[in-house]
Amino acid sequence: MTRTLWPDLPKRLVARMLDAHSVMGLVAGALLYILSVSGTIAVIHAEISRFEQPHIPEYETVAPDTVMSALQAGLATAEGEDVHHLYTSLPVPDMPRMQLTVEDETVYVGPDGALLEPVSHPFTDFLLDLHYYLHLPQVIGLTLVGALGAVMAGLVVTGFLAHPRVFRDAFALRLSGAPRLREADIHNRLSVWASPFHFTIGLTGALLGMATIVAVLNAELFHEGDIEAFYAPIFGSESEGPQTPAPLYDAAAALRTMERQHPDLRPWFVSYHDPATAGQSLEILTQHPRRLIYGENYFFDAQGNLTGQMGLADGPVGQQVTASVYSLHFGWFGGVAVKIGYILLGITLCVVVATGVNIWLMKRAERGRPSPRLERVWTGVVWGTPAITALVLLAATLGLSGPVLTAIFWLGLVLVLAAGLAASGRDTVRRALCFIGAGLIAAAVGVYLARHGAGIETDVAWVLLATLGACAAALLALGFRGARLDAAGANTAKT
């Protein structure tokens, strides 16, 4: 009889450890699913931010002199205060609005350069903070999100290695078969068809997250804790100069220089460091069509003459690759078509994660270790995440913001999971959350129209309202379909 290195443990303890192992796996799956859902929605975060303030005027171009006038007006609002950062975002296709930021205060700018109301998009802020950091402190959150991205990329690779017939069965889809066979076919087919996207998203997410760990360690070891010094060779650094007053560098002249020398590029951000001082700097971030890089920074002197550029567009290969990771991960290239593609592929990722855990739970049951409570909890995660996200949208539409929205999401999700534990079955949980989600979306649309209906000036608001209506209708259809199937099953049992 063979002996192991491990001592014999009580069976009850072993069972508890197995349950704990299963719970930890479920938590990892839940976080991966939440990131998949939030990332899919975040593809259109620019459009959502416009949706949240639909009365702001939109325009495609702005004159250089108008930009300069707005910058001067913004700087004047901080008269008597030390201003180290002044910048404005110019209209671009997915954000045809102009914003101006003085330190941490951001306002919209009208087409005539007049300063308008403060920028306020609480749901967008909630969504991005959830996807970037899971609402954790930045370094911890990015590290965790990066680790989950690595897990996702690893799952794609190991999934292929674990299924040698994956390509031969690429078009086998047996939706009318047994539940586990149906789930496995959906999972495997979507995994194969969308694997390049899933791997890319996982890998780029891992790179973005893990870079934070490297930056923090490098900064502590070699730069006295200065993380910006680590990123300086790639993204540049802010130079320090004399703080004596001086005229503001001529941004209008710089924009005209860009138009003359680089007519194929689109100015995106005009930024000052230490504006109106002798040590100020002026740079313009431009979008490069047909390139994956998020942009390139160009530097200018007081008269608006071009003095250099960062190198993101034509510097070392590593620098260009780094500048491309962001666009590749978030779909910041190719316009509307790419965004639609990213959303559709993001939905497949959500389905793959959900069905993957479903298959695992079904296999446990087949092996004589059913976990009905875990099944109900997982159903709560899958259908509760979109429902609670709709609740957050409703709360944001009612005027709530910041930490309140974060609390609503996580506490709401905890309550959903607790209710799932007490429910009679996973189908009951799914059906109830479908109806609740549809109701919350409908309530959010109703409140939105009541608040903004007469003042909506952007077409994207109507497109998103129609999309929300379609989502609510789909959830209702799923809920009623489940109710009909349950009723049919009950009638069959009676006969």
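Okay, so let's start with helix α2: His45, Ala46, Glu47, Ile48, Ser49, Arg50, Phe51 and Glu52 are its buried residues, buried being under 20% relative accessible area with a 1.4 Å probe and protein chains only. That's eight of eight for residues 45-52. Helices here are DSSP runs of H or I with at least four residues, strands are E runs of at least two, and both are numbered from the N terminus.

Quick caveat before I go on: this is a predicted model, with local features needing pLDDT of at least 70 and side-chain atom pairs counting only at pLDDT 80 or more, while totals for chains, interfaces and linings use all residues. Numbering runs from 1 along each chain as its sequence is written, and side-chain values use heavy atoms, leaving out hydrogens and water.

So what does α2 pack on? Helix α4, residues 122-133: the two axes come within 8 Å and cross at roughly 155°, the axes being lines fitted to C-alpha atoms over the stretch in contact, with angles from 0 to 180 degrees between N-to-C directions. That makes the pair roughly antiparallel, the label for anything over 145 degrees. On the α2 side, His45, Ile48, Ser49 and Glu52 touch Pro122, Phe123, Thr124, Leu127 and Leu128 of α4, where contact means heavy atoms within 4.5 Å.

Now the strands. β5 (266-273) pairs antiparallel with β6 (281-287) over seven bridges; DSSP has to find at least two bridges for a pair. Arg266 is bridged to Gln287 in β6. Then β6 pairs with β7 (296-300), again antiparallel, over five bridges, and there Glu283 has Phe299 as its partner in β7.

Note on methods: Buried < 20%, exposed > 50% of the residue type's maximum accessible area, 1.4 Å probe, protein only. Parallel < 35°, antiparallel > 145°, perpendicular 65-115°, else oblique.
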